[in-house]
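Have the coordinates open as you read.

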Amino acid sequence: MKILNSFSLEPAQRQALEKAGHTVIEEDQLDATTVQQIDVIYGWHAASATVNYDHLQFVQAMSAGVDYLPLADFAKHHVLLANTSGIHAEPIAEYVLGALFTISRGILPAIRAGRHMWTLRQERPPMTLLKGLTVVIFGTGHIGSTIASKLQALGLHTIGVSAHGRPAAGFEDVVTDAETKRVIRTADIVINALPLTPATRHFYNEEFFAALDRQPIFVNIGRGASVETAALVQALQSQQLRAAVLDVVDPEPLPQTSPLWDMDQVLLTPHISGTVPHLRDQVFKIFNENLQALVSRGQLASHQVDLSRGY
């Protein structure tokens with residue numbers, strides 16, 4: 001098969017593909033002929049969209065979320081798509097733990113205060129224990145479940161919200177999104193781990209934040225566009241939210257004029273929570289197993305995305 005490399009292949013990985021009889025084509029090698037012949041795309045860049053979808057069989061994404069890909073075109077042309085769901089779960093869960101401790105144990109105010117931090121010793125910023133709090137996590141897949149398991153081990157009560165409401169590891173209870181308003185009234189922490197789909201775009205809006213009762217901490221490690229940014233700013237300004245941890249925002253990068261930059265109760269990071277050690281090795285393993293299954297059986301081995309759902 002002819003594979004368009006839109007990610008990054010180690011020399012040994014390239015050799016393994018070539019030894020199996022595949023041809024690896026770099027993006028700068030694309031021309032009017034080769035764009036018509038690509039069978040598989042590894043990764044995705046602007047050049048990837050120029051290939052002939054009628055000939056294309058399989059795309060291996062580098063991420064768990066695939067909202068940036070032309071899913072409707074893939075469905076129309078019967079292109080198989082795989083993501084890397086699961087490999088980011090542990091790093092993101094550890095990020096969430098670190099961020100929550102930074103908020104709950106008074107670390108963020110000390111960082112903000114800089115050289116004047118010693119005045120905090122007299123003022124004592126509000127601090128809480130995570131143990132005993134209730135966390136509501138939207139999205140109970142690999143990432144949501146891993147976060148829940150770690151928080152449950154610390155003594156938090158974990159409630160999951162998903163489209164199907166099926167039980168999942170790490171959660172004391174899982175409900176459907178029809179019960180959103182009921183469960184968020186009990187939340188001390190709200191975490192977004194949802195994929196971005198038409199149904200989840202601006203899911204966290206003015207109506208959502210108005211239904212909160214306990215001034216929770218809001219954590220977004222899902223997708224920035226799941227949150228209506230103006231409503232989030234208003235919720236923080238009106239103290240409907242105690243604080244926010246935002247690894248993803250809408251838009252990205254966050255404009256320098258955004259009021260979020262100047263809010264002491266907001267922890268912002270530049271979409272880094274899912275950074276994975278040895279990413280190339282982990283992604284290639286998923287890709288190569290899928291490629292072998294495609295050649296031998298005409299189907300993928302794992303991580304196939306339901307194009308109608310977007311995840």
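**Loops, helices and cores**

P251 sits in the loop between strand 11 and strand 12; helices (H or I, at least four residues) and strands (E, at least two) are DSSP runs, numbered from the N terminus. This is a predicted model, where local features need pLDDT of at least 70 and side-chain atom pairs count only at pLDDT 80 or more, while totals for chains, interfaces and linings use all residues. Residues are numbered from 1 along each chain as its sequence is written, and side-chain values use heavy atoms, with hydrogens and water left out.

Now for some backbone angles. H202, in the loop between strand 9 and helix 8, has a positive phi near 55 degrees despite not being glycine. Q215, in the loop between helix 8 and strand 10, does likewise, with phi near 45 degrees. H202 is partly exposed at 34% relative accessible area, and Q215 is partly exposed at 41% (buried means under 20%, exposed over 50%, partly exposed in between, with a 1.4 Å probe and protein chains only).

Next, look at helix 3 (residues 89–104) and helix 6 (residues 142–153), whose axes come within 8 Å and cross at roughly 45 degrees. Axes here are lines fitted to C-alpha atoms, for helices over the stretch in contact, and angles run from 0 to 180 degrees between N-to-C directions. The pair is therefore oblique, since angles under 35 degrees count as roughly parallel, over 145 as roughly antiparallel, 65 to 115 as roughly perpendicular and the rest as oblique.

Which residues touch the most other members of the largest nonpolar core? They are V96, I147, I189, I191, V219 and I221, out of 31 residues. Such a core is a set of buried Ala, Val, Leu, Ile, Met, Phe, Trp, Tyr and Cys residues joined through side-chain atoms within 4.5 Å. Helix 3 gives the most to this core, with nine residues. Leaving aside neighbours within four places in sequence, I191 is in contact with residues including V96, I147, Y204 and V219.

Key
Contact means heavy atoms within 4.5 Å.
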